[in-house]
Structure formats: C-alpha cells, structure tokens
Amino acid sequence: MDQQRAIPNWFYVSLIPGVGWLSLFIAGYRAKERSWMLSALTYGLLSLLGGIFDPLGFLLAIGWFAGMLHLGLVKDQYLT
C-alpha cells in the first residue's frame with residue numbers, strides 16, 4: 001500500500017533558519033514553476049545578506065519567515 005504523503009519531506013527543510021528557502025526552490029523545480037524558484041532565490045539572498053551584514057539577523061528572519069509563508073501558500077498547488 002503506497003500512500004501519498006500529505007506533507008512532502010522537503011517541506012520540513014523550511015523549518016531551518018537560513019536555508020528554508022531551499023524547500024521552496026525544490027518545490028518550484030519539481031513543479032516547473034519558475035516564479036517559485038525566483039522567489040526562493042530572493043529569500044535566499046535576503047537570508048545571505050542578513051547573515052553577513054545584519055548583526056541582529058533581522059533580514060535573515062524576514063527571508064526565513066517569508067519563505068515559510070510562501071511555501072505554505074503554494075504547498076496545496078504543488079500537491080495537485
């Protein structure tokens with residue numbers, strides 16, 4: 001019995017600060033959605049710049065939360 005998972009394994013990567021954007025990129029790559037991949041790269045750039053230049057990690061947090069929110073919004077589209 002092969003059951004389809006309600007939440008793909010790569011979705012859990014979004015819970016890791018700084019690299020959570022990778023899960024949106026993976027979803028975009030598998031679904032062949034260029035806009036998702038570009039959004040993921042934008043969140044990744046925000047996280048990178050936040051990690052380098054922002055000592056309080058404000059940009060890192062924005063990139064992480066935005067990526068998780070975006071992924072949550074497109075998860076249902078990905079599963080269909």
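Guide: Let's start at Val13, which sits in the segment before α1. Helices here are DSSP runs of H or I with at least four residues, strands are runs of E with at least two, and both are numbered from the N terminus. Bear in mind that this is a predicted model, where local features need pLDDT of at least 70 and side-chain atom pairs count only at pLDDT 80 or more, while totals for chains, interfaces and linings use all residues. Residue numbers run from 1 along each chain as its sequence is written, and side-chain values use heavy atoms, with hydrogens and water left out.

Val13 has 27% relative accessibility, so it counts as partly exposed (buried is under 20% relative accessible area, exposed is over 50%, partly exposed is in between, with a 1.4 Å probe and protein chains only). Setting aside residues up to four places away in sequence, Val13 touches Val19, Gly20, Leu22 and Ser23, where contact means heavy atoms within 4.5 Å.

Beyond residues up to four places away in sequence, Phe11 touches Ser23, Leu71, Gly72 and Lys75. Leu49 is another story: 38 residues from Phe11 along the chain, with 23 Å between the C-alpha atoms.

So what does the segment lead to? Phe11 is one of nine residues in the largest nonpolar core, along with Trp10, Leu24, Ala27, Trp36, Ala40, Tyr43, Leu71 and Val74. Such a core is a set of buried Ala, Val, Leu, Ile, Met, Phe, Trp, Tyr and Cys residues joined through side-chain atoms within 4.5 Å. Two or more residues come from each of α1, α2 (34-53) and α3, and α2 gives the largest share, three residues.

The axes of α1 (residues 21-31) and α3 (residues 58-79) come within 10 Å and cross at roughly 25°; axes are lines fitted to C-alpha atoms, for helices over the stretch in contact, and angles between N-to-C directions run from 0 to 180 degrees. That makes α1 and α3 roughly parallel (under 35 degrees; over 145 is roughly antiparallel, 65 to 115 roughly perpendicular, the rest oblique). Ser23, Leu24, Ala27, Arg30 and Ala31 of α1 meet His70, Leu71, Val74 and Tyr78 of α3. By class, that contact has six nonpolar, two polar and one charged residues, with Ala, Val, Leu, Ile, Met, Phe, Trp, Tyr, Cys and Pro as nonpolar, Asp, Glu, Lys and Arg as charged, and the others, Gly among them, as polar.

α2 and α3 pack at about 160°, with axes 7 Å apart, so they are roughly antiparallel. Among the residues making this contact are Trp36, Ser39 and Tyr43 of α2 and Gly63, Ala66, Gly67 and His70 of α3. The α2 and α3 contact divides into 10 nonpolar, eight polar and no charged residues.

At 72% relative accessibility, Lys32 counts as exposed.

Stepping back, the chain has three helices and zero strands, and its C-alpha trace spans about 50 × 25 × 15 Å along the principal axes. Of its 80 residues, 31% count as buried. Among contacts between residues at least 6 apart in sequence, 48% join residues at least 24 apart.
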